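Please walk through this two-part account with the model open beside you.

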Amino acid sequence: MRIWRYGDNVNTDQLFPGKYTYTCSTAEEIKPHLLEDLDPDFAKKVQQGDIILGGKNFGCGSSREQPVVGLKAVGIKAVVAESFARIFYRSAINQGLILIECPEAAKSYSGGDEINLYVDKGEIKVGDRVFAFPKLPEEIIAIRDAGGLLNYTRERLKNR
Amino acid sequence: MGMTFAEKILAKYANQKKVVPSQIVTVHPDHLLTHDNTAAIISKINPELEEYGVFSKKLPVIVLDHVIPAASEKTATNHKNIREFVKRFGIKNFFDIGVGVCHQVVVEKGLGLPGKLLLGSDSHTCSYGAVGAFSSGIDRTEAASLMLTGETWLKVPNTIKINLRGKLSRGVYAKDLILHIIGDISASGANYCSVEYYGDVKQFSVDDRFTVCNMGVEMGAKNSVFFVDDITRSYLKSIGIKHSDYDAVYPDKDASYFKELNYKLDDIVPVVACPHTVDNVKTVTEMEGLDIQQCLIGTCTNGRVSDLKIAADILKDKKVHPNVRLLILPASKTIYKDALNEGLIDVFIDADAVILPPGCGPCLGAHQGCLAPGERCLSTANRNFKGRMGCKDAEIYLASPATVAATALTGKITDPRKVIN
């Protein structure tokens with residue numbers, strides 16, 4: 001498992017350039033351009049189970065969802081950051097991508113630390129240090145656990 | 001304890017007497033805005049659309065603006081699919097290419113009204129607080145779900161109260177004010193919050209308020225709002241909206257605020273947001289003399305007639321500097337026509353500017369004025385992220401229409417106070 005570490009205010013243009021917004025929509029189209037202008041190595045080397053570590057205001061900017069769709073598709077286990085921008089946060093819930101907002105954990109990381117997640121318990125372990133983070137409300141967990149919002153909506157439409 | 005604007009609106013739409021910050025509520029918005037991304041949205045739910053149809057023909061507002069006219073077979077096909085969808089499901093509010101940038105169209109067509117709740121799959125949906133609506137951005141997946149069910153969840157936000165006291169000086173505009181605020185509280189300074197503007201706001205037209213609310217998302221706000229007053233009412237009247245068409249919402253006097261900020265307007269000076277974050281704000285004085293290759297005046301942030309007028313007053317009987325391309329991007333067809341009738345377009349053409357069709361143009365880097373490596377653009381848009389205008393090795397600076405027009409004349413960042421009468 002690899003930890004990809006970035007700074008504050010990582011924005012949606014860095015996560016997925018706007019110039020591709022209307023030409024790339026599917027996961028396969030999105031993958032090669034993920035983080036293209038931020039870290040050209042990312043798309044080539046990212047692996048299933050990797051974690052992204054961000055600073056403040058991760059995912060700020062546009063409402064485009066390609067960053068989240070792409071990160072989920074390449075198998076990012078979670079994004080851990082000091083804070084997230086709100087549309088990105090909603091988008092992650094909608095795609096079933098796990099975000100952990102925990103400033104103490106994000107700040108405590110130093111190179112070589114292992115990160116272990118206990119999402120149901122609301123805990124994250126960085127090296128040997130354990131931090132608690134607030135759990136999502138039940139209504140929101142239901143969306144995430146359905147595998148994202150569209151699956152959740154489909155179920156509800158069927159049972160209507 | 002009373003409720004803030006956001007609490008009142010969300011309580012109303014959730015059919016509850018009272019809501020409190022952090023509470024999750026289920027709401028049915030009045031409208032769902034989508035644009036060129038409608039193609040991607042409907043492609044996610046084709047089987048469901050066949051089976052269940054759209055929740056309501058009146059819910060969606062679809063505006064083609066992001067890549068117009070189409071720049072490629074792919075974008076043309078997106079537009080074609082959207083037009084077919086609109087016909088097939090009888091969508092009431094569809095605006096094809098050339099009508100304008102979606103946010104301007106929503107307000108201009110009277111779809112974003114005081115006291116209404118609108119959500120849109122575009123981050124600058126937060127603009128409609130300019131006329132006292134509650135509006136916020138969501139992603140495509142959520143727009144798809146709303147298209148089918150007409151409902152979604154919202155978390156009741158904390159509210160920040162911003163008091164504006166005094167008067168902006170000559171050469172200082174609403175754009176300088178909002179950049180100043182973002183520079184002060186940072187790009188995440190209002191994260192997840194609702195922002196209410198108070199104080200000496202009579203000096204701000206609906207156009208100015210639009211600029212301020214449009215940029216709310218650049219400090220992380222969920223929505224921003226100026227409360228309905230005579231200025232709002234007279235604007236709404238001018239676009240044919242009757243008093244009985246809306247129900248303005250005001251916060252309670254004893255509402256509880258998360259934070260209160262105070263700004264003295266007399267102290268604000270022309271500013272520039274420098275690369276690559278909107279909160280990297282410096283005074284024009286500090287940045288004066290920096291070479292600029294492209295100037296952009298317009299967009300949903302500053303593309304209204306009053307903005308174009310400020311620029312035209314500076315450019316009248318003058319020529320754009322030979323080292324600069326000046327692009328003019330009116331925010332709508334109506335604005336374009338008004339600018340034409342007022343002689344502003346003549347001024348721009350005579351100054352050697354290029355007029356772009358009303359839409360998003362080069363703002364998001366898809367076409368019509370992308371940058372080359374090493375180039376700098378001074379723009380009235382809302383974002384200066386790295387790569388935003390199509391090139392990661394270019395730099396974008398943000399400023400008011402006056403600063404951009406003054407700069408277009410010299411080829412270097414120029415203080416507008418030196419050229420305005």
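How many residues of domain 1 of chain B are in contact with domain 2 of chain B? The count is 35 residues of domain 1, in contact with 34 residues of domain 2. Two residues are in contact if their C-beta atoms, placed from the backbone, lie within 7 Å. On the domain 1 side, α5 (102–108), α7 (174–185) and α8 (206–214) of chain B each give two or more residues. The largest share, six residues, comes from α7(B). By class, that side divides into 14 nonpolar, 14 polar and seven charged residues. Here Ala, Val, Leu, Ile, Met, Phe, Trp, Tyr, Cys and Pro count as nonpolar, Asp, Glu, Lys and Arg as charged, and the others, Gly among them, as polar.

This is a predicted model: local features need pLDDT of at least 70, side-chain atom pairs count only at pLDDT 80 or more, and totals for chains, interfaces and linings use all residues. Residues are numbered from 1 along each chain as its sequence is written, while chains are lettered from A and ligands numbered from 1 in the order in which they are written.

Now take chain B as a whole. Domain 1 covers 22–263 and domain 2 covers 270–418; these bounds come from an automatic or database domain assignment. Their C-alpha centres lie 23 Å apart. Chain B has 15 helices and 18 strands. Helices (H or I, at least four residues) and strands (E, at least two) are DSSP runs, numbered from the N terminus. The radius of gyration of chain B is 21 Å, close to the 22 Å that the globule rule gives for 421 residues, so chain B is as compact as a globular protein of that length. That radius is taken over C-alpha atoms, and the rule is 2.2 Å times the number of residues to the power 0.38. Buried residues make up 59% of the 421 residues in chain B. A residue is buried if 20 or more other C-beta atoms lie within 10 Å of its own, exposed if 12 or fewer, and partly exposed in between, with C-beta atoms placed from the backbone.

Chain A has eight helices and seven strands. Its C-alpha atoms fill a box of roughly 45 × 35 × 25 Å along the principal axes. Of its 160 residues, 46% count as buried.

Chain A brings 35 residues into contact with 42 residues of chain B. On the chain A side, α5(A) gives the most, with six residues. That side has nine nonpolar, 17 polar and nine charged residues.

Now look inside. A nonpolar core is a set of buried Ala, Val, Leu, Ile, Met, Phe, Trp, Tyr and Cys residues joined through C-beta atoms within 7 Å. The largest one has 180 residues, and A:V80 and B:V272 touch the most other members. Helix α12 (residues 305–315) of chain B gives the largest share, seven residues. Both domains of chain B give residues to this core, so it lies between them.

B:G411 follows α15(B), with a positive phi near 80 degrees.
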